[in-house]
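Have the viewer open and follow along.

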Amino acid sequence: MNALPPDDIRLHTQRGAAAHPGPLSAGPPPGCPAHQWDTDGKAPVRLFGPQHESDAMGVYARLRAQHGEVAPVLLTGDIPAWLVLGYREILEVVRTPTRFSRDSRRWRELREGRVPQDSPLLPVIGWRPDCVSADGDEHRRLREAVIDSLGRFDRRGIRRHVTRFANQIIDGFCEDGRADLLTQYAQQLPMIVLTELLGMPEEYGPRIVEAALELIKGSEKAVEGNEYIRSTLRQLVARRHEEPGADLASWLMEHRAGLSDDEVLNHLWLVMLAANENTTSLIANTVRMVLTDHRFRASLAGVRMTLEDAVEQVLWDEPPTVVLPARWATGDSELAGRHIRSGDMLLLGLAAGNVDPLIRPDLGASMHGNRAHLSFSGGPHECPGQDVARAITDTAVDILLTRLPDVELAVPESELAWRSSTWTRHLAALPVKFGPRSPMPVPEQAPPVRSPRSMRASMPQMPPLVTATAVPGSPGGPPAGPAGMPSPRPSRPPSRRRPWWKAVARWFSDEPGSGD
């Protein structure tokens, strides 16, 4: 999503994030097509690089002060776009698809050959046969299939499913008295749930997480990571043709909308990427607020605010996606006094819109019970999986606080590091400490884990795509991972298998010599 080398995905402390680095960075060089835009003689600002990544909210505030509610910006490769900062202007864009389309084939920069085919922007912004890229009747057909299929999951079943896995993960570190709740909890739980809901074998979890992170970061492995995920999902779709189950892949395939295999694959890709990244950030940010905001913690103790209210407060203050791509102008238009040309790209500044002074003059005021934030977008393309994300998040945080009631930060709040890109801002680590305690007792005959829908009835089990003798890329084996990224390993006998989330935690911590 962002063509910076890995060391330019900046880590910065909370104190550094609050500081203003000075004037906004210089814009494009002479001759760049961005100079043709209506910028009032002011150079567009890059939404990448160290300045944006160290203080994104400060950049948005200065853009609003200099340009108003719609500001000219540049993406990786100095690709020009408009960043919509105003709350009302964002709603105007998302609610008028006849003026601002989701179909990136309208993108003038792409049509005129100014976007390289290997650009890390294309895996996320490029057109795909899914409901996000469609408008009108086609959008309604595809979105109905997604909503109906997600609706077949029992919400109480999802919470039971999250509870079981959350307890299992906590058991893995509760005796230590210390943990990184990002790598050891928030980055594990959503993907465990998603692999089950989508109908994927558990063995695919760690490599999918790794490839997804490369894609979200926009590193040099983004395109390869995207292809790895798609290759894995392609195998899943083929398998579900032979053996349908009680999972999202099967339900999309059997829906009356008649989705093609390519459409099913792309919607599974969309659910996996969006749900995993956003829910991971939402869990981590909600836990951080519980541990650092004294007013919030006092409210919980006084039962004046529910955990669901806390999640909504985080969605107002720290949306998992800070900038949402994208819309394209269907014709020449005006927005907040700006002349928007046909084919121009508009980015939705969700984080900036949530703190628009016109709708939130007092940022310290409680937003309990108010779901009018922009964190799940709005209009006909509003996120259809937001209730699933909320269910996973509030259950995950509730179980954590119940199991570890004395949990607290292991470092001063000012030392918490954040990882930023053009699109997202999230914690790089969440170190905590607590009183060591024993794991929960394990029943002698624990019930098998099934998808939430099938908790009331048996579900046909999918034969593992990874066998004891299969090798990556071979017939019957998992797809080979992208270059520089480990491929799925052959399955081990059950007696030797370690939970995959421990492998993920080791990968994130980059501990040398940490092997199986």
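## Packing around a helix

The buried residues of α7 pack against α8, α13 (248-254) and α14. Contact here means heavy atoms within 4.5 Å, and buried means under 20% relative accessible area, with exposed over 50% and partly exposed in between (1.4 Å probe, protein chains only). Helices (H or I, at least four residues) and strands (E, at least two) are DSSP runs, numbered from the N terminus.

A word on provenance: this is a predicted model, where local features need pLDDT of at least 70 and side-chain atom pairs count only at pLDDT 80 or more, while totals for chains, interfaces and linings use all residues. Residues are numbered from 1 along each chain as its sequence is written, and side-chain values use heavy atoms, with hydrogens and water left out.

Back to α7 itself. Its buried residues are H139, L142, R143, A145, V146, S149 and L150. They cover an arc of only 150° around the axis, so they sit on the same side of α7; that arc is taken from the directions from the helix axis to the C-beta atoms. D137 and R140, on the other side of α7, are exposed. The helix covers residues 136-151, and its 16 residues should span 22 Å at 1.5 Å a residue, which agrees with end C-alpha atoms 22 Å apart. The expected span is 1.5 Å times one less than the number of residues.

Helix α10 (residues 189-198) is another story: 10 of its 10 residues are buried, so the rest of the structure largely encloses it. Among them are P190, T195 and E196. Just after α10, G199 has a positive phi of about 95°.

## The cores

A nonpolar core is a set of buried Ala, Val, Leu, Ile, Met, Phe, Trp, Tyr and Cys residues joined through side-chain atoms within 4.5 Å. Which residues of the largest one touch the most other members? Of its 80 residues, those are L181, Y185, L233 and L268. Helix α14 (residues 261-292) gives the most to this core, with 13 residues. Beyond neighbours within four places in sequence, the contacts of Y185 include A166, P190, I283 and L400. Another core lies apart from the largest one; it has 27 residues, including V322, A326, M345 and W423.

A326 lies in strand β7 (residues 324-329).

## Rings and charges

Rings of Phe, Tyr and Trp (its six-membered ring) pair if their centres lie within 6.5 Å; planes under 30 degrees apart count as stacked, over 60 as edge-to-face and the rest as tilted. By this rule there are 3 aromatic pairs. One of them joins F173 and F434, with centres 6.2 Å apart and planes at 55°, so it counts as tilted. F173 lies in the loop between α8 (155-171) and β6 (178-180) and F434 in the loop between β14 (431-433) and α19 (500-509), so the pair ties together parts 261 residues apart in sequence. F173 is buried at 1% relative accessible area, and F434 is buried at 7%.

A charge sits over a ring if NZ of Lys or CZ of Arg is within 6 Å of the ring centre and within 35 degrees of the ring normal. Here are two cases:

| Charged residue | Ring | Distance to ring centre |
|---|---|---|
| R105 | W127 | 4.1 Å |
| R425 | W418 | 3.9 Å |
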